[in-house]
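Trainee: I have a structure open and would like to go through it with you. Could we start with the terms and then look at the parts one at a time?

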Amino acid sequence: MTLWEGLAVLLAGIGAGTINTIVGSGTLITFPVLLAIGLPPVTANVSNTLGLVPGSVSGVIGYRRELAGQRTRLLRLGAASLVGGLTGAWLLVQLPSSAFDAIVPALILIALVLVVIQPRVARAMAARRAADAGPPPEAGPLLLTGVLLSGVYGGYFGAAQGVLLLALMGMLLQDDMQRINATKNVLALIVNGVAAVFFLFVAEIDWTVVLLIAAGSAAGGQIGARVGRRLPPPVLRAVIVVVGLVAVTRLLLT
């Protein structure tokens, strides 16, 4: 890895940590960069997952005030995320790398669609919260199932996992958006964390990439928690979509 390639990975980690804390989909920043510097897709995905864990921790710390009073919810949803994340990580190493190579372009396109429709989902969430009154309900079977499946997706690939979680909880829980976002950060940390531990024992890892993304994402997590809310959402979405389309194009042409 050259100096400029290392700098690109570090900057991508900062961007991913920032975006993941705000909404999710930071993998659409880091993953294409890792492909561009020549990493095989599976190695890039595994190394990216490990590198983003410190960013998830940083984001959770940044949102710690909004987590107050959510212990029961976090335990229930966290258990679903744990099982889902482990299942997704297991699928990644069990399925042949050719399967991952074939499905990743479709996964990225799905993630990009989620990023594009996120504002509409957010408006629907706001409308639902305005129409409902009373205390926020606890996680029901539908939400638990959705969180479990999003954990499988996150453990396998992870791009836009946060968007999925925000949509699910926004529709099925009546609560403040910032508290829901704080919960999303914890669930994403659980999925990334359990997948990372699993990969330590069974997958090929590029530790230089892990360290660069870890340093960048940890800084980005704090940026996202402190000043990220001030960034224009259309700009963030535009960057994610452009980077994601470049990644899809590169994958399809190689």
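Predicted model: local features only at pLDDT ≥ 70, side-chain atom pairs only at ≥ 80, totals over all residues.

Trainee: Where is Gly38 found, then?

Mentor: Gly38 is found in the loop between H2 and H3. Its phi is positive, near 105°.

Trainee: Is Gly38 buried or exposed?

Mentor: Gly38 is exposed, because its relative accessible area is 53% and the cut-off for exposed is over 50%. The C-alpha atoms of Gly38 and Met1 are separated by 9.1 Å, and these residues are 37 apart along the chain.

Trainee: What about H2 itself, how many of its residues are buried?

Mentor: Nine of the 10 residues of H2 are buried, so that helix is mostly covered. The buried residues include Thr27, Phe31, Pro32 and Leu35.

Trainee: Let us step back. How many helices and strands are there in the protein chain?

Mentor: The protein chain has 10 helices and zero strands. Read from the N terminus on, its elements run α-α-α-α-α-α-α-α-α-α.

Trainee: And what share of the chain is buried?

Mentor: Of the 254 residues in the protein chain, 52% are buried. As for contacts with a separation of 6 or more, 86% are between residues 24 or more positions apart.

Trainee: Which residues touch the most other members of the largest nonpolar core?

Mentor: They are Phe31, Ile108, Phe157 and Phe199, in a core of 42 residues. At least two residues of this core come from each of H1, H2, H3, H4, H5, H6, H8 and H9. H5 (97-131) supplies the largest share, eight residues.

Trainee: Why would such residues gather at all?

Mentor: In soluble globular proteins, nonpolar side chains tend to be buried together.

Trainee: What does Phe157 touch?

Mentor: Leaving out residues up to four places away in sequence, Phe157 touches Thr27, Phe31, Asn45, Phe100, Val104, Leu107 and Ile108. There is also a second, separate core of 10 residues, which includes Leu77, Leu165, Leu166 and Met169.

Trainee: Changing topic: how many cavities of 30 Å³ or more does a search of the whole structure find?

Mentor: The search finds one.

Trainee: How many residues of the lining are nonpolar, polar and charged?

Mentor: The lining has seven nonpolar, 18 polar and one charged residues.

Trainee: Now H4. Is Arg73 buried or exposed?

Mentor: Arg73, which lies in helix H4 (residues 71-94), counts as buried because its relative accessibility is 6%. The side chain of Arg73 makes a polar contact with the side chain of Gln70, at 3.0 Å.

Trainee: What does Ser81 touch?

Mentor: Ser81 is also placed in helix H4. Residues up to four places away in sequence aside, Ser81 touches Val147, Gly151, Leu187, Ile190 and Val191. Ser81 is buried, with a relative accessible area of 1%.

Trainee: One more, please. Where is the place of Ala214, and is this residue buried or exposed?

Mentor: Ala214 is in helix H9. Ala214 is buried, since its relative accessible area is 15% and the cut-off is under 20%.

Trainee: What does Ala214 touch?

Mentor: Not counting residues up to four places away in sequence, Ala214 touches Gly51 and Pro54. The C-alpha atoms of Ala214 and Gly51 are separated by 4.2 Å, while the two residues are 163 apart along the chain.

Note on methods:
Residues numbered from 1 in each chain as written. Heavy atoms only, no water. 1 Å grid on protein atoms, 1.4 Å probe; cavity = no way out; pocket = protein on both sides within 12 Å on 5 of 7 lines; lining within 4 Å. Points joined across faces, edges and corners; volume = space filled by probe spheres on them. Nonpolar A, V, L, I, M, F, W, Y, C, P; charged D, E, K, R; others polar. Helix = DSSP H or I, 4+ residues; strand = E, 2+ residues; numbered from the N terminus. Buried < 20%, exposed > 50% of the residue type's maximum accessible area, 1.4 Å probe, protein only. Polar contact = N/O pair within 3.5 Å; in protein donor to acceptor, adjacent residues only side chain to side chain. Core = buried A, V, L, I, M, F, W, Y, C linked by side-chain atoms within 4.5 Å. Contact = heavy atoms within 4.5 Å.
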